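Have it open while you read, and follow along point by point.

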Amino acid sequence: MRYLRQSTEAAPLAVFRIFFGLMMFISILRFWSYGWIDKLYIQPRFFFSYYGFEFVRPIGEYTYLIFVVCATAALLVLLGYYYRIAIICFFLSFTYIELMDKTTYLNHYYFISVLSFVMIFLPANAYFSLDARRNPELAYYYVPRWTIDVIKFLIAIVYFYAGLAKINSDWLLKAMPLKIWLPAHYDLPLIGNLLEQSWVHYTFSWGGMLYDLCIPFLLLWKRSRIFAFTLVIFFHVITRVLFPIGMFPYIMIVSTLIFFEASFHQQIISFLSKALGIRKPESNKHKVLYTNFSWRVNLQIVLISAFLIFQLIFPFRYLLYPGELFWTEEGYRFSWRVMLMEKAGYANFKIVDAKTAKRFYVNNADFLTPFQEKQMATQPDFILEYAHMLKEHFESQGHQNIEVYVESYVALNGRPSRSYINPEVNLIQYEESLQPKPWILPFHDEIKGL
């Protein structure tokens, strides 16, 4: 209770809100300008759903409106104008976009949804916002300390869990999959030749693991904060050069500014005030937003606490499943496992008439884009959902007594390609669920680690 009553300057929360809104606004404009809305959400004939969210689908040409809402909400969050409504709209629209097709799943999309959900409960418009300017009752110089620490906690989870996930034999003892990915950049100026060296692959692997595990603590400690932030910039610039991960590096760089002292954020706000010709808020240091422990605040604290506990536990749900995680991918998503494996494979589907035994093979290109087919071929839940779609499709064309089988092979982290799904199993007899998938063939190898 004593901790919950502590206050701190609101400037770090204001700067975080501004940069978060700016990064999201640019991200959506970038996504649109590259034609990805049309390519990923308009052109495909079929979309892969998240279990329990099958109702979330693109809505044809109106899908553009969802992005308009999302971009507008991001801009309002940046300005702190009707902040609460704006951040709720952003969370809902962004998460809807994320859930429309799991083919496009990325850890940092999930991170944005997590952050924006928590921001609904934070007074991020209490300082240097249009809300605070037009309504002095909303303006505060101090806010509860926990409202800033909760963001630090979420960032620390992302880094630390990503580091834990790297403590595995493929990553540390075989430098996989970096040994596959890095040589592909041999043509980069200055460092291209180095990226073909084995010692560089191991250096990147061990360095990446140590960076993820240590960086939250280095950022928290005042004496190492400048050094840590320098590492953050270096690490994310390098990953941006080597891998196509979009805006994620920039988002993480600006997000880690939240670890700095309030005086640093006051300097940023002063700079923005001068650069944009905006009057800086008057320093009413007696204006404190206290945690008054009303039923509403208590409810917020309980919700956020439960959400944080969920974030700590949920990544370990894979322990409930048998088999190798990287092979089955049961419990893999939403666990901050970032770029840990290289999977390649193919899946050849066979449609069989159970009565006549007549059969034919499916041309996946008739139903899926190349990107969807690539993702489908190596992930069991994709394969199952696609099999059911094929059944419905061919039934609608008059076929009866349909059974669907798949012949699939997958290569994981440089290993030889192996049969992936039991080709004797009619996939239609299984429905997607949280239960283990017994029709995934054994890995016949071991990846030691967390």
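This is a predicted model: local features need pLDDT of at least 70, side-chain atom pairs count only at pLDDT 80 or more; totals for chains, interfaces and linings use all residues.

The points below cover a helix pair, some strand pairing, the salt bridges and one serine.

1. Residue numbers count from 1 along the chain as its sequence is written.

2. Start with helix α2 (residues 11-33) and helix α13 (residues 248-255). Their axes sit 10 Å apart, and the packing angle is about 175°. That makes the two helices, α2 and α13, roughly antiparallel, because an angle over 145 degrees counts as such.

3. Which residues make the contact of α2 with α13? On the α2 side they are F16, F19, M23, M24 and S27, and they meet Y250, I251, V254 and S255 of α13. By type, the contact has 7 nonpolar residues and 2 polar ones, with no charged residue taking part.

4. Next, look at strand β5 (residues 402-412). Is it mostly covered or mostly open? Mostly covered: of its 11 residues, 9 are buried. Strand β3 (residues 343-353) pairs with β5 over 11 bridges, in the antiparallel sense.

5. β5 has another partner in strand β6 (residues 418-419). The two run antiparallel and are joined by 2 bridges. Y409 has S419 in β6 as its bridge partner. The hairpin of β5 and β6 has 5 residues between the strands, and N413 takes a positive phi there, near 50°.

6. Now the salt bridges; the count for the model comes to 14. One of them joins K102 to E385, with the closest N and O atoms 3.7 Å apart. This pair links distant parts of the chain: K102 is in the loop between α5 (83-99) and α6 (107-119), while E385 is in helix α18 (residues 380-396), and 283 residues separate them. Both K102 and E385 are buried.

7. K166 and D212 give another salt bridge, with 2.7 Å between the closest N and O atoms. Here too, distant parts of the chain are linked: K166 lies in the loop between α8 (146-165) and α9 (169-173), D212 lies in helix α11 (residues 198-220), and they are 46 residues apart. Buried or exposed? K166 counts as buried because its relative accessibility is 6%, and D212 counts as buried at 3%; the cut-off for buried is under 20%.

8. A local salt bridge for contrast: R134 and D131 meet through their side chains at 3.2 Å, N to O. Both lie in helix α7 (residues 130-134), 3 residues apart, or about one turn of the helix.

9. Finally, S169, which is found in helix α9. At 14% relative accessibility, S169 counts as buried. What does S169 touch, leaving aside its neighbours within four places in sequence? The contacts of S169 are K174, E446, I447 and K448.

Definitions and conventions. Side-chain values use heavy atoms; hydrogens and water are left out. Axes are lines fitted to C-alpha atoms, for helices over the stretch in contact, and angles run from 0 to 180 degrees between N-to-C directions. Helices (H or I, at least four residues) and strands (E, at least two) are DSSP runs, numbered from the N terminus. Angles under 35 degrees count as roughly parallel, over 145 as roughly antiparallel, 65 to 115 as roughly perpendicular and the rest as oblique. Contact means heavy atoms within 4.5 Å. Ala, Val, Leu, Ile, Met, Phe, Trp, Tyr, Cys and Pro count as nonpolar, Asp, Glu, Lys and Arg as charged, and the others, Gly among them, as polar. Buried means under 20% relative accessible area, exposed over 50%, partly exposed in between (1.4 Å probe, protein chains only). Two strands pair if DSSP finds at least two bridges between them. A salt bridge is a side-chain nitrogen of Lys or Arg within 4 Å of a carboxyl oxygen of Asp or Glu.
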